[in-house]
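Here is a short report on one protein chain. Please look over the sequence and the fold before reading on.

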Amino acid sequence: MAAARDDDAADAMEPPVLRVPGDYPTVPEAAAAAQPGDTIEVGKGEHSWPGKIFVDKAFTVRGFRNRISGFPESFLRGRWQLCIPPPLPWDPDPKTLGKFVDVWCENESGCTINVVGGDWEFDNCRVLCSLGTALSVPRGNVVVLKSTVGASKEIQPAIHGINVGEFGAVSAVQTAV
C-alpha cells in the first residue's frame, strides 16, 4: 500500500515562484528578491527596464510559450549580467545551474546577455541584439537548446551572435545563430 502524501511537506520542498507582474511589478525587483533555486515567472507581454540586471545566484527565469507557434510570449527588453559563484564546500545542496526558459531577451545595443561565471541553460529562447552582441560568454558554461541567438533586425545585423572568450564554453543544440 502506498504511503499517504503530505501535501504541506511536498509544497515546502517546491522552490518558490515569484510572478511578474503579481508578486513583483518588475523583472529587476523579482531578480533582486530571488534566492538560489527560485523561479521567476514572467507574464506574457513586454517587460523592459533601464540599465543592467546583475545576477549572482542560480535561479530560473521562465516565460510563456505560444501553444501554436512555440515561440516565447514573454519579451524581456534589457540587459543581463550573469555570474553564479562557485558553491561553498559546506553547502549540502548548492544551486549551481541558472536557466532561461521560454523568454525573448532583446536589447538595442551593447550586450543583451553577458555570462561571466557559472552554468547557464537557455531553452526555447530568443536572445537578440541590434547593435552589439546577443550572447557573450567570456567565462562560464552555457547550453543553448532550441533557441535563436543573433541580430534582432535584418537591416542592421548584430556585431556578434555569440561571443565566447578564453574561459567560456557554449554548446548549442537545435539552435539558429
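## Pocket

Which residues lie nearest the centre of the largest pocket? They are P36, P85, P87, D91 and K95. The model is a predicted one. In this model, 13 residues line the largest pocket. Its volume is about 160 Å³.

Eight of the lining residues are nonpolar, four are charged and one is polar.

## Overall layout

The chain holds two helices and 11 strands. Read from the N terminus, the order is α-β-α-β-β-β-β-β-β-β-β-β-β.

The chain has 177 residues, and 40% of them count as buried. Take the contacts between residues at least 6 apart in sequence: 51% of these join residues at least 24 apart.

## Nonpolar core

In soluble globular proteins, nonpolar side chains tend to be buried together. Here the largest nonpolar core has 33 residues. W80, F100, F122 and L135 have the most contacts inside this core. Several elements give two or more residues to the core: helix 2 (27–33), strand 2 (39–42), strand 3 (45–55), strand 5 (74–83), strand 7 (104–117), strand 8 (119–123) and strand 9 (126–145). Strand 9 supplies the largest share, with seven residues.

What does L135 touch, leaving out residues up to four places away in sequence? The list is I113, V115, F122, V127, V142, V144, V149, G161, I162 and N163.

Is strand 8 mostly covered or mostly uncovered? Strand 8 is mostly covered, with four of its five residues buried.

Strand 8 pairs with two other strands. Strand 6 (residues 97–101) runs parallel to strand 8, and five bridges join them.

## L131 in strand 9

L131 belongs to strand 9. Is L131 buried, partly exposed or exposed? L131 counts as partly exposed because its relative accessible area is 47%, which falls between the 20% and 50% cut-offs.

L131 and S109 are 22 residues apart along the chain. Their C-alpha atoms are separated by 4.5 Å.

Note on methods. Residues are numbered from 1 along each chain as its sequence is written. This is a predicted model: local features need pLDDT of at least 70, side-chain atom pairs count only at pLDDT 80 or more; totals for chains, interfaces and linings use all residues. Side-chain values use heavy atoms; hydrogens and water are left out. On a 1 Å grid over the protein atoms alone, a cavity is a set of points where a 1.4 Å probe fits but cannot get out, and a pocket is an open set with protein on both sides within 12 Å along at least five of seven lines; lining residues have an atom within 4 Å of a point. Grid points are joined across faces, edges and corners, and a volume is the space filled by probe spheres set on the points. Ala, Val, Leu, Ile, Met, Phe, Trp, Tyr, Cys and Pro count as nonpolar, Asp, Glu, Lys and Arg as charged, and the others, Gly among them, as polar. A nonpolar core is a set of buried Ala, Val, Leu, Ile, Met, Phe, Trp, Tyr and Cys residues joined through side-chain atoms within 4.5 Å. Buried means under 20% relative accessible area, exposed over 50%, partly exposed in between (1.4 Å probe, protein chains only). Contact means heavy atoms within 4.5 Å. Two strands pair if DSSP finds at least two bridges between them.
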